Amino acid sequence: TRRLLRHYLGPHILVNPGVDKSGAERFGRLHLPAPELNKQKGYKVLTADQWLFSSMEKTRLPKGLWDWTPIKLQGIFFRVDVQRYRELHESILGLYDYHGLPPEPKDEAAMKLLDMTFRELMLQHSLKDLLDLCCIGFGSYGLGYNIPALYGLWFVTPVAVEAYIAQKLDGTIHTVELVRSGYGMLWERMVKKDGLKIRYDIEIDSINRNLEDCTKRIEIKLKNKEKVSGKSSSATKHDAEKKTKDSGWYNADVIEADFLIFAAPMQQAFQQLVKDATDFEKKVCEDIQCVDCNVCLFKTAKKEGEGCLTFYPESLQPEFTKRPDGEVYAERNIIRCYCPEKEKDTKFRYTAAYQHFTKPQTGKSKEIAEKSKKFITDETKTVNPTPAKPEPELVHQAHWDNYFPHFSVEGIVKERLPWRVFETQGKNRTWYIGSSVSFESIEDITNYNIQLLESQGFGKKIAFPPKPSSRYDPDNNARYLAALSLKRPAKSESKNDKDPEPEREDARDSGADSGTDFGAMW
């Protein structure tokens, strides 16, 4: 992803939170208010190290020794935990490059360690402190609750936790970086620079891949007719309207295609749209679970003593928050994060407040926003609250009730769904991409897509930056078509000859999953 950002948006697109254009740190310190821990340790607002090491003291030392032992000594134990986590990670998934889908464990003992949540796995191996750090650092996923162990191991690689230590030894290593103009700009620039032809605002009624007759093309039926060029080979005139004499355009209600790449939310859209979904594809859709992520952007009065990022760790720790119910787990001061040099010229404060729910909160956006506002203005929850007067103004809300789609523990261990999906890529005239088959992060989705391309015959290594000549062209890339089983058999010249039977899938070889939008990675 870093290479994509630099190629399309330039070398200086990544910024460190709270660091201005001259490289000076103005508001870079991370704050972690933890009211319950504060009562025990006497701090008001904690730095990341104070919070981590103080939490470690609670679990490792008798209370009488808390004030006699320098908390930095816990750093030694933390380094040991990091090494133990690497050993655990490798014992389950082996050694790999941490890009794309992790390898399928072949050892039953390793697979048995996936038959639980990530929290259960970490507690079973006495890695609670590291678990707490992961819960805070990767808050939107809810790794401290009911997330399967595979997804915790997938995202929290040994390199990720080792970076926490490495950045203290090497100032060039940054654990948090932001895209100056937002990730959305990457896709906009990609479309423009590569001349991608994307048709927006088209409502699909149904998709028929014609799996029973591979001589027929895939048919995508539209709810509303689309104006298309008469030269187009991808649309048919099922509406019986003739081309306009002069313009060469006509209205089509069906688009034809040779291959389907499905990137919509699988659990919400696949069975509803794809009329010939296989039994395996249905099983995949039904197994997918989601959490809920909500982000509110508020315009508020300014408050002092704030860094650019504030995490509320106790909002995501089950011992303090048994089940999240609107607690804010993080705030991002937008001005101080992205353009701290403008802080003194800004009359108001703009803060993005993040909330996690273990279950989708469909239809509750307004209620959730009110809970967010109530939390950030509550001194007992935040230690340093947002001023309640004037009342914070909700500028924008992004609510994902289908966030972080993932397979169940049973689907992973008994059905091996993540790996079976990958095995079936390209069959049934379909690729399944997006977070439902990978992980809800842009980095992981991108890496999964590259892994998919390489596995389907697009070279052992994907060329980068992309060259115009490497674009998919069905006329010039016959070997790719063959690899994808896209070549339609020639029509029989004899009336007595039957068309070859299409390749049929068994329960282990039929289709799979999809993915959602890229989520709340603001």
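Is E104 buried or exposed? In this predicted model, E104 has a relative accessible area of 15% and therefore counts as buried, the limit for that class being under 20%. Its partner in a salt bridge is K106, with a distance of 3.6 Å from N to O between the two side chains. K106, by contrast, has a relative accessibility of 70% and so is classed as exposed, since that class begins over 50%. Both residues belong to a network of salt bridges that also takes in E108 and R416.

Across the protein as a whole, the secondary structure comprises 19 helices and 14 strands, and buried residues account for 50% of the 522 residues. When contacts between residues at least 6 apart in sequence are considered, 71% of them join residues at least 24 apart.

Two of the helices, α3 (residues 48-60) and α7 (residues 128-137), pack with their axes 10 Å apart and at an angle of about 145 degrees, and the crossing of α3 past α7 is right-handed. On the side of α3 the contact is formed by W51, L52, S55, M56, T59 and R60, while α7 contributes K128, D129, D132, L133 and I136. Sorted by class, the residues of this contact are 5 nonpolar, 2 polar and 4 charged.

The structure holds 24 salt bridges in total. Side chains of opposite charge can pair when their charged atoms come close. A further example is the salt bridge between R217 and D258, whose closest N and O atoms are 3.4 Å apart. Here too distant parts of the chain are linked, with R217 in the loop between β4 (204-208) and β5 (218-229) and D258 in the loop between β7 (249-257) and β8 (260-262), the two residues being 41 residues apart. R217 has a relative accessible area of 23% and is partly exposed, and D258, at 33% relative accessibility, also counts as partly exposed.

How values were computed:
Residues are numbered from 1 along each chain as its sequence is written. This is a predicted model: local features need pLDDT of at least 70, side-chain atom pairs count only at pLDDT 80 or more; totals for chains, interfaces and linings use all residues. Side-chain values use heavy atoms; hydrogens and water are left out. Axes are lines fitted to C-alpha atoms, for helices over the stretch in contact, and angles run from 0 to 180 degrees between N-to-C directions. Helices (H or I, at least four residues) and strands (E, at least two) are DSSP runs, numbered from the N terminus. A crossing is left-handed if the near helix is turned anticlockwise from the far one by less than a right angle, and right-handed if clockwise. Contact means heavy atoms within 4.5 Å. Ala, Val, Leu, Ile, Met, Phe, Trp, Tyr, Cys and Pro count as nonpolar, Asp, Glu, Lys and Arg as charged, and the others, Gly among them, as polar. Buried means under 20% relative accessible area, exposed over 50%, partly exposed in between (1.4 Å probe, protein chains only). A salt bridge is a side-chain nitrogen of Lys or Arg within 4 Å of a carboxyl oxygen of Asp or Glu.
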